[in-house]
Amino acid sequence: MIALVDCNNFYVSCERVFSPALRKRPVVVLSNNDGCVIARSEEAKALEITMGAPFFKIQYLMEKENVAVFSSNYCLYGDMSARVMEALNCFSPETEIYSIDEAFLNLSGEQNLAAQAVEVKSKLKKWTGLPVSIGIAPNKTLAKIANRIAKKSNVGVFELTNEKTRDEILREIPVKDVWGIGYNSAKKLSLLGIENALQLKNLDRRHARKLLSVTGARIVEELNGRICLPLELTPPPKKSITCSRSFGALTDNLEYLKEALDSYLDQTCRKMRRKNLTARAVTVFLTTNHFSKTAQYSASKTVELAVATNSTRELREWTKKLLCQIYTTGFLYKKVGVILQGLEPEKAETIRLYDETNYEKDKRLMQALDKISNKFGRESICFGVQKSRANWQMKQEMKSSKFTTCFREMLQIP
């Protein structure tokens with residue numbers, strides 16, 4: 001039996017853990033640059049604040065209804081997610097982290113599944129302060145549906161194991177809401193008169209495979225109670241790492257773009273080295289604001305490296321060249337980013353026929369930088385070219401403190 005544990009309104013719940021006064025108040029969390037709503041409390045949903053609503057369009061409502069508004073605080077959310085996932089390992093050795101706020105657990109062997117789920121929910125609330133909903137079913141697809149129902153129940157737990165009950169519930173689930181069925185697939189199914197999950201369950205497997213590929217056929221099988229999507233206990237290896245952000249203000253200054261790109265490259269290289277990976281190709285992209293009425297421009301360029309590397313200094317030489325090649329005057333830019341591709345284990349590095357001494361020095365330098373950053377914080381040391389971010393950093397005017405990851409911002413109780 002599979003249990004899907006999903007944190008309720010995760011970003012909002014993280015903010016409420018450290019501010020109990022928010023628990024009965026409408027709360028929303030905004031996207032990068034305080035642009036759109038990406039998380040809502042139940043009270044905010046009751047005010048008909050929609051997901052993705054532009055903040056400037058609903059700002060009047062925030063003031064009128066006393067809605068608490070927060071900029072996204074990914075340091076806090078990431079740390080709280082890690083705590084939840086670590087706690088889940090106490091209940092099942094077989095856990096698949098599906099997203100920042102969701103995980104699948106193998107509960108096979110448990111006698112009373114619902115009681116076990118209630119215990120998991122209670123202890124997670126006690127240990128982390130975060131409310132969760134738990135759906136239990138024979139496979140992942142049905143567990144997703146069970147979790148959907150659990151969120152609407154008072155207990156926060158729902159077990160979808162009885163076949164008769166399952167069919168009644170599937171009849172009420174729109175086919176577009178089935179996990180793995182996207183917009184285009186739902187449109188194809190609608191042309192066949194398939195509007196709910198029960199009708200999809202009864203679709204001929206061969207027809208499903210022809211219409212929706214292998215993935216669609218597996219979904220049909222899982223709706224019938226079979227297991228086609230086993231738990232992924234080991235995350236698949238990354239094929240690329242991307243880092244980009246929208247600027248707080250549009251800019252045409254090449255120096256600002258270089259500073260931003262240097263910062264993003266530093267972040268991607270740190271992630272890559274933590275996984276003991278190296279990159280064989282690097283891509284830089286640059287774009288204007290597609291929603292503005294000004295002149296539009298976007299471009300990207302990729303270079304394949306002769307030998308794989310994870311040296312920030314070495315990769316910076318390439319990103320700087322690529323940015324200069326795609327930069328064009330006369331445009332106001334909204335975003336720049338870097339993608340490291342062709343990732344492979346560091347041990348698989350090709351032996352260099354030249355510049356080996358300098359690269360070995362680079363590796364020792366990177367190790368020293370990572371060690372200092374891990375001990376004193378990510379921004380405690382950096383390359384000299386990474387100047388002040390005041391001119392291009394994201395707008396986060398309503399960001400909460402890093403309660404769990406920064407000593408200076410820890411919650412103080414008088």
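This is a predicted model: local features need pLDDT of at least 70, side-chain atom pairs count only at pLDDT 80 or more; totals for chains, interfaces and linings use all residues.
In helix 8, which covers residues 183-191, the buried residues include Ser 185, Ala 186 and Leu 189. Looking down the axis of helix 8, the buried residues fall within an arc of 100°, so they line one face of the helix. As a reminder, an α-helix has 3.6 residues a turn, so residues three or four places apart point the same way. The other side of helix 8 has Tyr 183, Asn 184 and Leu 191, and these are exposed.

Next, the backbone. Most residues other than glycine have a negative phi. Asn 33 is not a glycine, yet its phi is positive, at about 65°. You will find Asn 33 in the loop that runs between strand 2 (27-30) and strand 3 (37-40). Is Asn 33 buried or exposed? Asn 33 has a relative accessible area of 9%, and that is under the 20% cut-off, so Asn 33 counts as buried.

Glu 48 also has a positive phi of about 65°, and Glu 48 is not a glycine either. This residue sits in the loop between helix 2 (42-46) and helix 3 (55-64). Glu 48 has a relative accessible area of 69%, so with the cut-off at over 50% Glu 48 is exposed.

Last, the surface. Which residues gather in a patch of positive charge there? They are Lys 238, Lys 271, Arg 274 and Lys 275. Of these, Lys 271 belongs to helix 11, residues 254-274. Lys 271 is partly exposed, because its relative accessible area of 36% lies between the 20% and 50% limits.

Note on methods
Residues are numbered from 1 along each chain as its sequence is written. Side-chain values use heavy atoms; hydrogens and water are left out. Patches are made of residues with over 30% relative accessible area and no salt bridge: like charges are joined within 9 Å, nonpolar side chains (Val, Leu, Ile, Met, Phe, Trp, Tyr) within 5 Å. Accessible areas come from the Shrake-Rupley method with a 1.4 Å probe; for residues, only the protein chains shown count as cover. A salt bridge is a side-chain nitrogen of Lys or Arg within 4 Å of a carboxyl oxygen of Asp or Glu. Lys and Arg count as positive and Asp and Glu as negative; His and the chain ends are not counted. The place of a charge is taken as NZ of Lys, CZ of Arg, CG of Asp or CD of Glu. Helices (H or I, at least four residues) and strands (E, at least two) are DSSP runs, numbered from the N terminus. Buried means under 20% relative accessible area, exposed over 50%, partly exposed in between (1.4 Å probe, protein chains only). The arc is that of the directions from the helix axis to the C-beta atoms.
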